[in-house]
Amino acid sequence: MDNRVPPRAAGPGPRRRDRHGRGMRGPIAPPQVPLAASRAEVFADLVQDSVDRLERRWPQLAEVDFVVLEVPRPDGPEQAWSDEPVPLGTTVAAQDGRRGQVIVYRRPVEIRSKGRDERAALVHEIVVEQVADLLGLTPETVDPRYGED
């Protein structure tokens, strides 16, 4: 008596399950779910949320570019960091037909904040300070809730 099972004929198309009956492996979460967003994307969303809040009050911010960079660069190739603290953000004034920029540095902000809520508050504070610097106003004028915790 022959107890062997004849091999199954391979059908067209990809194999649906592995030999243990499990399905094919895929991503943990679909791309539209926040779990699939990188830290850089989440940080950029925090900056954009702050900008959206401020643009309602200051429509001229539509002419300003908001940029997220990983870390600040020293001014020149031969210059190293001095004893000054690492900046969390900076501004570049509009000149020669170029738009003004507000730059927020992601890594220094992430290091100084513990959780998402604290990071969001710090990002908003930085954006308000940089916009105030760019517009020549005080941060309290730009956002009346500036400094409130």
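Two strands count as paired when DSSP finds at least two bridges between them. Keep that in mind for this tour of a predicted model.

**Stop 1: the sheet**

Select β1 (64-69), β2 (89-92) and β3. The three strands form an open sheet. Read across it and the order is β1-β3-β2, with mixed pairing. Which strands stand at the edges? They are β1 and β2. Each has a single partner strand, so one side of each is left without a neighbour in the sheet. Neighbouring strands are turned by 20° against each other on average, direction ignored.

Zoom in on β2 and β3. Their pairing is antiparallel and runs over four bridges. Pick Thr-91 and look across to β3 for its bridge partner, Val-102.

**Stop 2: the loop between β2 and β3**

Stay with these two strands and select Asp-96 in the loop between them. Is Asp-96 buried or exposed? Its relative accessibility is 77%, and the cut-off for exposed is over 50%, so Asp-96 counts as exposed. Check its backbone too. Most residues other than glycine have a negative phi. Asp-96 is not a glycine, yet its phi is positive, about 50°.

**Stop 3: the loop between β1 and β2**

Next, select Arg-73, which sits in the loop between β1 and β2. Arg-73 has 67% relative accessibility, so it counts as exposed. Arg-73 and Pro-87 are 14 residues apart in sequence. Draw a line from C-alpha to C-alpha and it spans 10.0 Å.

**Stop 4**

Show α1 (39-57). This helix lies across β1 and β3, and runs at about 155° to β1. Then show α3 (116-135). It lies across β1, β2 and β3, at about 25° to β2.

How far apart are the end C-alpha atoms of α3? They are 28 Å apart. At 1.5 Å a residue, its 20 residues should span 28 Å, so the two values agree.

Colour the buried residues of α3. Among them are Leu-122, His-124, Ile-126, Gln-130 and Ala-132. What do the buried residues of α3 pack against? Their partners are α1, β1, β2, β3, α2 and α4 (139-142). Step past the end of α3 to Gly-136, where phi is positive, near 75°.

**Stop 5: the nonpolar core**

Now look at the largest nonpolar core, a set of 20 residues. Val-109 and Val-127 have the most contacts inside it. The elements that give two or more residues to this core are α1, β3 (100-105) and α3. Which element gives the largest share? It is α3, with seven residues.

Select Val-127 and show what lies around it. Leaving out residues up to four places away in sequence, Val-127 touches Val-47, Ser-50, Val-51, Leu-54, Phe-66 and Val-104.

**Stop 6**

Finish at Ser-113. It is found in the loop between α2 (106-112) and α3. Is Ser-113 buried or exposed? The cut-off for buried is under 20% relative accessible area, and Ser-113 has 6%, so it counts as buried. Show its contacts, setting aside neighbours within four places in sequence. Ser-113 is then in contact with Glu-118, Arg-119 and Leu-122. Of these, Leu-122 is one of the buried residues of α3 from Stop 4.

Key: Residues are numbered from 1 along each chain as its sequence is written. This is a predicted model: local features need pLDDT of at least 70, side-chain atom pairs count only at pLDDT 80 or more; totals for chains, interfaces and linings use all residues. Side-chain values use heavy atoms; hydrogens and water are left out. A nonpolar core is a set of buried Ala, Val, Leu, Ile, Met, Phe, Trp, Tyr and Cys residues joined through side-chain atoms within 4.5 Å. Buried means under 20% relative accessible area, exposed over 50%, partly exposed in between (1.4 Å probe, protein chains only). Contact means heavy atoms within 4.5 Å. Axes are lines fitted to C-alpha atoms, for helices over the stretch in contact, and angles run from 0 to 180 degrees between N-to-C directions. The expected span of a helix is 1.5 Å times one less than its number of residues.
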